[in-house]
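Let's walk through this model together, one question at a time. Have the structure open and follow along.

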Amino acid sequence: MELVPALDEPLKKSLGPATAKVMAEALDLYTVGDLLHHYPRRYAERGELTTLADLPLDEHVTVVAQVADARVHTFNGSKGRGQRLEVTITDGSGRLQLVFFGKGVHKPHHDLLPGTRAMFAGKVSLFNRRLQLAHPSYELLRGDSEEAVDVWAGALIPIYPATTKLESWKIAKAVDAVLPSAVDAVDPLPDALREGRGLAELPDALRLIHRPRTKADIATARDRLKWDEAFVLQVALARRRHADTQLPAVARRPVPEGILDAFDAKLPFTLTDGQKKVSKEIFDDLATEHPMHRLLQGEVGSGKTMVALRAMLAVVDSGGQAAMLAPTEVLAQQHHRSVTEMMGELAEGGMLGGADRATKVVLLTGSMGTAGRRQALLDLVTGEAGVVIGTHALIEDKVQFHDLGLVVVDEQHRFGVEQRDALRGKGKQPPHLLVMTATPIPRTVAMTVFGDLETSVLDQLPAGRSPIATHVVPAADKPHFLTRAWERVREEVEKGHQAYVVCPRIGDEEDQKKKAKASAEDEAEKRPPLAVLDVAEKLRTGPLAGLRIAVLHGRMHPDDKDDVMRRFAAGELDVLVATTVIEVGVNVPNATAMVIMDADRFGVSQLHQLRGRVGRGSAPGLCLLVSEMPEAAPARQRLAAVAATLDGFELSRIDLEQRREGDVLGQAQSGVRSSLRVLTVIDDEEVIAAAREEATALVLADPDLTAHPGLRTALDALLSEEREEYLEKG
């Protein structure tokens, strides 16, 4: 029987089944290696107390502090049936209230005497406008037990990412139990690389990050572990890129006097320098005999669709077909409309009045009628249609192409990797792939999340776009600001313009069901997010009475959605109350104002995307971010950041800094747990760039990593099967 390597040892063997079960359920840790790579979030110094002033609301925290006072309050009569213990802890900079109820009062009442130092862990909540921890777990830091004294005497106390079921100090004890196994850790870094960059050996780095004596120990460990994460990930991506260069593809070159030349000749404007530069990069890729994999990112309105359309026409010129995939039906229909309008008679191939070099542009969505659908499928399989625009309905088994040469995916972050892959499989040989996103991605994230794609950036806005003014409306602190917001909407409508009102929720029966299912934690929220149907009703009978108001959300019938969008675009409606279905691609130049309700419930990038729907014409845009959060809340600081700049790249940096790294990667990597624990994509740009260079060189010399068994093992461990699959499909 083969011996299990020490780091692959299941935790239940070393820690017992009960602890192992909690570690698996709460923290996704299964083996000794998983636990050794669960690093402390930070370290508390002996005598140094965490600043209570900076605690994040709604997060699970661990603080080291001293009890200032403790008092028991009795309610429900004098028999003492209802007791509440209130303990105030302090760290010199701020104070925090702890509360214990009922039967949970006795032990803390006995333990938490004034002057006692302890570690406290719990979820930060708000009560009577003050931060508190209800029923926190705690570990006393005083000379009662040998162990506590040892921990307290150790210069730095590791504070681990923890959960309600598993406090930081319990994780620390578990780490102590498995730390000796670190000596068997297989080193993924080639010796030459590690020595050349003066990095610590892996067993030393693991020991130092968990049990540092000094701050220098932590720095040494982190420097080394960052390299592991960056390098292993970049090797995976480099192998992906290398494999792609080995795939065959048909080179697609535009032909002189073809449909592309005819299209360019009838354009009523000249392309921006940025559009010309990016188009050249794309055409160079299309002309090669291995598949293009390119990410095109550009601000809302920078003209990405025009660049993509020209690439599609180049492929049609070469005898192939191009497919554009949109995340929603509304968007697919909109793209189809704007593409056929831009192409004019060039989109009427085979029809009376169509140009000589024309092709057919077909739309394919799930809700189409049978006859229209049958015709579209026929046009695709015969090659009559050179361009098809659709939703994931394009991926169904029934859909067959005559010769699929290019796939354009719009709004990458809304489109699953599996779907992208299924569409790719429709070509006789792998088609070229162009991925478009209007969410600006900092260079390092592009290198990490989309590291298997080459990147093009459109950062110039076409002439004629107007500036957008953005303001935060503090509805709770200053209700009259909200009144003024609705007056501003009326003023815009009186000037002949239109407005959007965006809400986080729909407000129908489905919503109610979901809300009923919500966990007790969600129930604790003071109120559910504002809903489209409720807000629309209040506006109709209140501040916007008399205006033409309609609603738009994802659960409406597709025909109804299309009808509302068409009426809004035609100017037959004044105000559209909608969910984020309007976030991407909706283009109504006459809409100048947007009010986002409960704006704190949206992410920075999402707010930026939404705001991009106004100011698309010649009149300036106005975006009002309504929030009931107190001024000091992190959510309000996020809104202030959005109001302060229109630069999407700057906002995406802020977004990344404020969210946990894993969210960003996890979301982009088809929900797979992020492998990044010490590497931060924003701050470690140099490490990522250097790791990419080293990885590319290594993979070029040894694509199968034959000479690097340690690196192979790390790849297998770090990139779980799902994640390898993700990279396969990227």
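Q: In which loop is Asp28 found?

A: A quick note on the ground rules: this is a predicted model, in which local features need pLDDT of at least 70 and side-chain atom pairs count only at pLDDT 80 or more, while totals for chains, interfaces and linings use all residues. Residues are numbered from 1 along each chain as its sequence is written, and side-chain values use heavy atoms, with hydrogens and water left out. Helices (H or I, at least four residues) and strands (E, at least two) are DSSP runs numbered from the N terminus. Asp28 is found in the loop between α2 (17–27) and α3 (32–36).

Q: What is the phi of Asp28?

A: Asp28 is partly exposed, with a relative accessible area of 28%; buried means under 20%, exposed over 50%, and partly exposed in between (1.4 Å probe, protein chains only). Its phi is positive in a residue other than glycine, with a value near 65°.

Q: Is Leu705 buried or exposed?

A: Leu705 lies in the loop between α26 (685–701) and α27 (709–718). This residue is not a glycine, yet its phi is positive, about 55°. With a relative accessible area of 1%, Leu705 is buried.

Q: Which strands stand at the edges of the open sheet of seven strands?

A: The order in this sheet is β11-β12-β10-β13-β14-β9-β15, with parallel pairing; two strands pair if DSSP finds at least two bridges between them. Each edge strand has a single partner, so one side of each is left without a neighbour in the sheet, and these strands are β11 (360–364) and β15 (454–458).

Q: At about what angle does helix α11 run to β15?

A: Helix α11 (residues 273–286) lies across β9 (293–298), β13, β14 and β15. Axes are lines fitted to C-alpha atoms, for helices over the stretch in contact, and angles run from 0 to 180 degrees between N-to-C directions. On that scale, α11 runs to β15 at about 160°.

Q: Which residues of α21 make the contact with α13?

A: The axes of helix α13 (residues 329–343) and helix α21 (residues 558–569) come within 10 Å and cross at roughly 50°. The two are therefore oblique to each other; under 35 degrees counts as roughly parallel, over 145 as roughly antiparallel, 65 to 115 as roughly perpendicular and the rest as oblique. Contact means heavy atoms within 4.5 Å. On the α13 side the contact is made by Glu329, Val330, Gln333 and Arg337, and on the α21 side by Pro558, Lys561, Asp562 and Met565.

Q: Which residue in β3 is the bridge partner of Arg71?

A: β2 and strand β3 (residues 82–90) run antiparallel and are joined by nine bridges. Within β3, the bridge partner of Arg71 is Glu86.

Q: Leaving aside neighbours within four places in sequence, with which residues is Gln234 in contact?

A: Gln234 lies in helix α9 (residues 215–246). It is buried, with a relative accessible area of 2%. Leaving aside those neighbours, its contacts are Met447, Thr448, Ile688, Ala691, Arg692 and Ala695.
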